[in-house]
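Trainee: I would like a close look at a single part here. Could you pick one and walk me through it slowly?

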Amino acid sequence: MVDSLLSARGLNKQFQSGDEPVPVLVDLSLHLEAGESLALTGRSGSGKSTLLNILCGLEKPDAGVVQVLGETFDTRSTEAGSKADARWGDLRRQQIGVVFQEANLMPALSLLDNVRFRARLAGQSEDGCQDWLERLGIGELADRFPDQVSGGQRQRAALAMVFAMKPALILADEPTGSLDRHTAEAVIGQLFELQTRHGCGLILATHDPELASRCSQHLDLAHLPET
Amino acid sequence: MTLSAALFSHYRRHPLQLLALAAMIVLATMLWTGVHHLTSQARASLDQSESAVAERQQVVRRDGNPLTVDHFVELRRAGLCVMPWLEVSSPEGGRVVGVDPLAAGCFQAPGGQEAPWGGELDGRPFVDISEAAELARDQGSELSLLVSEDHTSGDLPSGYQLVPFSVGPDTGELGDSFLLNLDALGVLVLLITALLVRSVYLLGLAQRRDSFALLHRFGVPQGRVNRLLFVEILLLALVCVVPGIWLGRWLATGLGSGFGQALEGLFDQPLYAGQGGSWLVPLVTMMAVVLVACLADFLRPLARGFAGGNRRSGGLVLLVLLTGLALSVWVTDLLWLFIAVAMVFVAAGMLAPRLIAWLADWRAGHDRDLQARWRHRELSVLARRLALPLVALQFAMAMVLAVQALVTTFESTFDRWLAQRLEADYYIEVPETADPTLAVDWLAEQPELAVSGLWHRVIRGRATLPGGEDEGDARVDVFAIGPVGPLVTGWQLFESAPQPWQSLQQGQGVMVNEQLARRQDVEVGQSLKVTLGSQSFEFLVLAIYPDYGRPAGEILIHPSVLPADFATGFQSLSVSPGDLSIEDVTNGLRRVWQVEELTVRDNRAIEELASAIFDQTFLLTRAMTTLTLILAAIALLMMGWVFFSTRAWYFRLLVVWGLSRRLASAQLVRLSVSLTGAIALLALPLGVWLTWVLVHRINPIAFGWSLPMAVYPRFWLELGVLSLLIGLSIALLMSRQLKSPSVAPVNANVMAGGER
């Protein structure tokens, strides 16, 4: 477990709906090695985004342990929250790439500047940024701004940003949810190809069973008895 | 759920936005109505006194003592047509005039004058004498007795004399100019309000854009939606304007006494009660302002706010700016000057957000650091999106800066001037029956005074400056002082010939006040024709001296020059007793004049009173500017917060990408402070220019005297701190949003990639 890319044990999370506690994640565990991919499926509200947020430190679980890239985050730990936040920040900045369904780009920066910005934050060279856009087929759009390109082109730029930072782990939250089928397939194809080529881990939240079947692991949150 | 309910549900979701919109309309209506009410009242008072007392005469006692009812009875029994005139303060604010319609019956005799009121004793401002007498019992007031025109001094019993009845000197256009000044300030407040209301309203429209699109898809005609929006803003305006007007009248009543004191101090003009404007003008004005501000785009669909213009319109704006600046230097008419100010403000307002956006884009283009590039690009977006509240804040800051500088300059100049004018410790009135030369001789003989004290005699009266062929004679005040000594030689002079005080002492010329110099175009070294009594003189102008706080022209002269038939209006002695006590001086004067009582005034008390009156002069101005600034600051804070909220997702992206929340917050702080700091910086030149216009252009035209141009970096610093506080407050509010774990962007047009 120490050598694994990511593992989580006993994760619990609940939200309040008025006075009523609503459990979202109950005693959930998962495990991912480098080069593996995990599909998270489930109905809306089943906790896919919450789990992804927990796995990259954007939200804290009520209980449980997350071990990622050699760092351990335990809710029972007496470590100050700010220190844990700083460690999560370092991980997200340098090793964990996150892709959302939409709005992954800074609207005031061109596509190329977005990619360079992300690479710079990760401590990577900006030299290969244009190449990443080329490889994803949007090299000629490098100087355009996000609102000047299509949704699919924006998502490709988001992937370029993630790969430009050379991540060890990619968390993608329905990255093709707002795209048409043809564009979605192209984007997902490139995501899997690059993930495989670079041997990083991928956790993909999706509604699409076909897409889920392409991942090496599958976790259906809707079928977890407790949720 | 009806269409209107669906449409208006926006404000159920955003009640604070509705509240802000309502508060802005109420506050602006209150401010403008307050000013409008007071200026209408003052204008009516000016007209009233002009028509009521023009060309009339009154009876006064030769010994200068006040008149009483017994004197009225005595004069009536002597067969004179006299009417009592008793001015008192009304409990509702302003002054009322008590008159006796029965006693005034003889005024309406064939060939006589008409009664000096319209026949109504309704408190606007005339009331029955008994009512005024009742009020006078609590506050004290001096009775005047008007005499019909057909009487001459020969008709009067002994001990009385006739003098012209006037409530103050002829102020020419100065009174109107003063009120026009306040009107202009009111218009500026309206402009700022219109910008703020428009910005909040447009924000609401932008947030409802998706709802409108949905209604369109549902087949609802655009015209129907527009009509509902019109009804919505009409209702809101009505609901807010009415209490705003009520509050404005309440504000006017509260400020009325201070404003009345200012009017009286500046122009010797009382503020009469019951003369305020109607409800209709503020109602129509504010409704129009709100409707035009909110619905301008319906009237002119091409209007796209301040920052949306192209390069050609930028050139046009620059032309307007330069034209306004040139006009402000050359025009001499107040109305044109205000038009020039409006041109400069409009152009500066249209340029400011563009300039910030352009500079930010330019910096972004040259930034090698991508974080800085991103920040500058964001700044550019913010400057364009928050253009309206930014411009409102810029205007408010410039206004505050200018008014603060004006008031501070005025205070320090006026204090210095007053201290020079009241250099002596005491001021002693010369009784009408007394021979002032006896006092002069007695004072000159006192060794203690010669060693440690100072004194001079003051004679006041009137002189005439003969006009040219096309213009009539001008009446000016005469201020004769002698001996000329250290009590006056320290006065500041604008311009002077060599050794002016020595020349004055030797009767070789006169000095003139700034008002006279400006009005008659008098310069040092030229000769001035003056008629004193029945004789004409030609005096060399030795100097021009400042004379703040009143409109009348004045010549300063040595008493030895005055001819024997010069009609002395008033005489006094200014005395600093030195080693003597004031009691020693007054006892000595009582002895030589053989009088029981003397009127002695402590000049320090007069100084305090005068300062208090002039503080009141700017009370309204200060209150208006400060409230406007608060309004603009809150609006920008609110708009900034709302707009930043639409960008919150992108700041959260920074956290997602691994920046700590503290670092992301720091980026926010830098961004918001850059924005508010930039607008404060752009407000500075506008404020300094406005200060110059106020002290060098508007003030001389409106008041007849100018002030030195001074800048106060302390105020700049204060504005800088204020802009910093607004920026920090926005950043603080936004930082709270960074903590929320929202996973979806809230920007309305995020599907298009977000605004940039």
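Mentor: Let us take a pair of helices in chain B. Keep in mind that the model is predicted. Start with the residues that meet. On the side of α10(B) they are B:Pro353, B:Ile356, B:Ala357, B:Ala360, B:Asp361, B:Arg363 and B:Ala364. On the side of α11(B) they are B:Arg373, B:His376, B:Arg377, B:Leu379, B:Ser380, B:Ala383 and B:Arg384. What kinds of residue make up this contact of α10(B) with α11(B)? Seven are nonpolar, two are polar and five are charged.

Now place the helices themselves. Helix α10 of chain B covers residues 334-366. Helix α11 of chain B covers residues 370-385. How do we describe such a pair? Two packed helices are described by the angle between their axes and the distance between the axes. Take the distance: the axes of α10(B) and α11(B) come within 8 Å. Take the angle: they cross at roughly 165 degrees. Angles over 145 degrees count as roughly antiparallel, so α10(B) and α11(B) are roughly antiparallel to each other. The crossing also has a hand: α10(B) passes α11(B) in a left-handed crossing.

Strand β8 (residues 454-465) and strand β9 (residues 474-482) of chain B pair in the antiparallel sense, over nine bridges.

Terms used:
Residues are numbered from 1 along each chain as its sequence is written. Chains are lettered from A and ligands numbered from 1 in the order in which they are written. This is a predicted model: local features need pLDDT of at least 70, side-chain atom pairs count only at pLDDT 80 or more; totals for chains, interfaces and linings use all residues. Two strands pair if DSSP finds at least two bridges between them. Helices (H or I, at least four residues) and strands (E, at least two) are DSSP runs, numbered from the N terminus. Axes are lines fitted to C-alpha atoms, for helices over the stretch in contact, and angles run from 0 to 180 degrees between N-to-C directions. Angles under 35 degrees count as roughly parallel, over 145 as roughly antiparallel, 65 to 115 as roughly perpendicular and the rest as oblique. A crossing is left-handed if the near helix is turned anticlockwise from the far one by less than a right angle, and right-handed if clockwise. Two residues are in contact if their C-beta atoms, placed from the backbone, lie within 7 Å. Ala, Val, Leu, Ile, Met, Phe, Trp, Tyr, Cys and Pro count as nonpolar, Asp, Glu, Lys and Arg as charged, and the others, Gly among them, as polar.
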